[in-house]
Amino acid sequence: REFRNSPTPRAPAMTKLAVAICLALSLLSGNGHAKKHEVLSFHGPFDDYDRTGLKRVIPKYKTFGDTVINENFIRLTPDRQSKRGGLFSDLYTNTPEFEAVFKFRIAGQGRKLYGDGMALWFTKEGVKQWHKGTELHGASSTFTGFGVIFDTFKNSERPHKDVSILVNDGTRSAEEMMSTAVGCDASVRYHEGRADFSVMHASRAKVTYKEGSLTLSLDAESNGEWETCATIDRLDLPADFDSKVYTGMSASTGALADNHDVLSLQVYSEVNELALLEESGHAAVAARPELSEIDELKHHVEHQFVAVYDHVKVTSEKLEKSEKADLKSLQDAFAPRIEELEQVTVAKLEAKLAKMEAEIANAANTLLEERISELERTLKSTLKRDVAMDVTKDVTRSTKAATDKSLNEMVAKLQKQEMQSQSRIQQLETLLESRFNAHLDRRLADLDGGNFTDEQLEHLTRAQTAWRTPFAILVIAMAAGCVGLNKFYSHLRKTHML
């Protein structure tokens with residue numbers, strides 16, 4: 001592809017003045033004029049940040065994938081393999097006609113091999129298209145609406161157009177859309193390796209939709225020269241398509257890569273008035289806005305800074321991967337030695353643990369034996385005391401029983417002897433009384449016929465009562481013996497705990 005860098009044609013000052021006067025008169029007269037969708041339009045510098053203050057954002061748009069918003073451009077994908085980025089609006093347009101100018105830059109270090117491309121979407125799905133698939137430059141091929149495809153990779157397996165329009169009513173496959181796609185070839189890709197490359201180079205696409213018809217115009221070098229790329233008189237879309245149309249951009253890289261940058265998007269609710277704004281030199285729609293040398297230098301520095309940052313990031317990732325690979329190689333190389341050291345270390349630790357276990361076991365056994373000995377001594381002492389007490393109790397019980405038996409036998413003998421003594425005393429009393437009475441009767445009989453003197457009568461009277469005194473003494477002696485025996489028995493019971 002040839003790199004075209006023709007100078008931007010400049011209109012004479014009088015011509016610009018005349019155009020500006022005509023535009024002002026047109027606006028004052030109330031004739032049709034372009035009404036800009038501010039919420040759907042954007043251009044640099046991008047100075048809005050999210051709540052963290054670290055990430056740049058575009059109001060009413062969401063970024064996806066590898067998209068990064070810089071100060072003066074939005075990079076959907078860097079010049080790296082297997083990247084995917086997207087930018088989709090939260091709001092939509094619902095006018096029966098609209099016109100959009102899309103300014104972008106596709107550039108990279110590849111001289112002959114590069115890809116894959118980017119797309120500008122006008123669909124009813126909006127953000128949903130991003131999440132539903134990746135087959136069309138990072139977005140899904142299932143949608144309702146149309147998309148402008150900027151394909152920089154020439155696939156020999158199917159017909160190729162640099163720029164094409166894909167239309168889908170929600171039911172067509174990617175192959176069906178491509179088979180009926182219309183478009184053109186245009187040099188919309190820049191080689192950054194050329195000495196004359198500048199970050200001020202860009203391309204523009206203008207999409208004009210009106211009552212079901214579509215016109216695509218290109219300004220490949222953004223020099224103000226529009227060329228019609230394709231026209232579709234009647235889009236095969238649902239009747240209510242233009243009641244809700246979201247805008248979006250997406251890009252992807254595969255084995256080949258490029259930088260896919262978005263510079264601005266201007267959306268208007270009416271058509272055919274955009275040209276007047278361009279001719280008047282309106283900064284927002286100018287093909288190449290006039291910038292001071294300092295501003296141009298800022299653009300170049302930013303572009304180089306982003307490239308360096310991306311290079312450092314990729315290099316860091318490669319180094320990290322390399323370090324992981326080297327670490328794995330080292331691990332594989334030293335794995336046997338590490339395993340051997342682990343085994344030796346484990347063996348030493350096991351031996352040390354075994355020694356410690358033995359020492360602990362010995363100490364525990366010693367303490368246990370001492371404790372057992374102490375317990376044995378305590379138990380023996382306790383058992384001895386308990387046994388002594390039991391023996392004492394048994395001896396006491398046996399002694400008591402024997403003493404009780406002996407005392408009972410003694411008491412029985414004493415009682416028997418007492419009974420025998422009483423019987424004997426009674427027998428003696430009876431015997432003495434019978435003998436005395438017999439003697440007395442004999443004496444009386446002998447003395448029946450004689451007279452007794454007073455002395456004899458007195459002697460006789462004493463003789464009749466003389467037996468009572470010995471008998472009383474004998475009874476008292478036996479009673480005293482019984483009392484003494486009873487006291488001895490009581491003392492014996494107390495001393496032997498009977």
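**A guided view of the predicted model**

At 10% relative accessibility, His137 counts as buried, a term that stands for under 20% relative accessible area, with exposed meaning over 50% and partly exposed in between (1.4 Å probe, protein chains only). The residue lies in the loop between helix H2 (127-132) and S8; here helices (H or I, at least four residues) and strands (E, at least two) are DSSP runs, numbered from the N terminus. The phi of His137 is positive, about 50°, although the residue is not a glycine.

The structure is a predicted model, in which local features need pLDDT of at least 70 and side-chain atom pairs count only at pLDDT 80 or more, while totals for chains, interfaces and linings use all residues. Residues are numbered from 1 along each chain as its sequence is written, and side-chain values use heavy atoms, with hydrogens and water left out.

Further backbone features deserve attention. Most residues other than glycine have a negative phi, and most peptide bonds are trans. Lys60 has a positive phi near 70° and is not a glycine. Lys60 is found in the loop between S1 and S2 and is partly exposed, with a relative accessible area of 43%. A cis peptide bond, with omega about 0°, joins Gly44 and Pro45; Pro45 has its place in the loop between strand S1 (42-43) and S2. Gly115 and Asp116 are also joined by a cis peptide bond, again with omega about 0°. Asp116 belongs to the loop between strand S6 (97-108) and strand S7 (117-123).

The description now turns to a sheet. Strands of a sheet pair through backbone hydrogen bonds, either parallel or antiparallel. In this structure, 7 strands form an open sheet in the order S2-S5-S15-S7-S8-S9-S10, and the pairing is antiparallel. Its edge strands are strand S2 (61-65) and S10, each of which pairs on one side only. On average, neighbouring strands of this sheet are turned by 15° against each other, direction ignored; the axes behind such angles are lines fitted to C-alpha atoms, for helices over the stretch in contact, and angles run from 0 to 180 degrees between N-to-C directions. Two strands pair if DSSP finds at least two bridges between them. Strand S8 (residues 144-151) and strand S9 (residues 163-169) run antiparallel and are joined by 7 bridges. Phe146 stands opposite Val167 in S9.

The structure holds 16 aromatic pairs. One of them is formed by Tyr92 and Tyr246, edge-to-face, with 5.4 Å centre to centre and 65° between the planes. This pair links distant parts of the chain, with Tyr92 in strand S5 (residues 84-93) and Tyr246 in strand S15 (residues 245-252), 154 residues apart. Rings of Phe, Tyr and Trp (its six-membered ring) pair if their centres lie within 6.5 Å; planes under 30 degrees apart count as stacked, over 60 as edge-to-face and the rest as tilted. Tyr92 is partly exposed at 38% relative accessible area, whereas Tyr246 is buried at 15%.

Rings also meet charged side chains. Arg84 lies over the face of Trp130, at 3.5 Å from the ring centre, and the charged end of Arg105 sits over the ring of Phe73, 5.6 Å from its centre. A charge sits over a ring if NZ of Lys or CZ of Arg is within 6 Å of the ring centre and within 35 degrees of the ring normal.

Arg84 is one of the residues that Asp66 touches, a set that, not counting residues up to four places away in sequence, also includes Arg75, Leu76, Pro78, Lys83 and Gly85; contact means heavy atoms within 4.5 Å. Asp66 lies in the loop between S2 and strand S3 (68-69) and is partly exposed, with a relative accessible area of 30%. The C-alpha atoms of Asp66 and Pro78, which are 12 residues apart along the chain, are separated by 7.9 Å.

Finally, the structure holds 1 disulfide, that is, a pair of cysteine sulfur atoms within 2.5 Å. This disulfide joins Cys184 to Cys229, with an S to S distance of 1.9 Å. The link of Cys184 and Cys229 is left-handed, with -110° about the S-S bond. It connects distant parts of the chain: Cys184 in strand S10 (residues 182-184) and Cys229 in strand S14 (residues 227-232), 45 residues apart. Cys184 counts as buried at 17% relative accessibility, and Cys229 is buried with a relative accessible area of 10%. Cys482, at 35% relative accessibility, counts as partly exposed.
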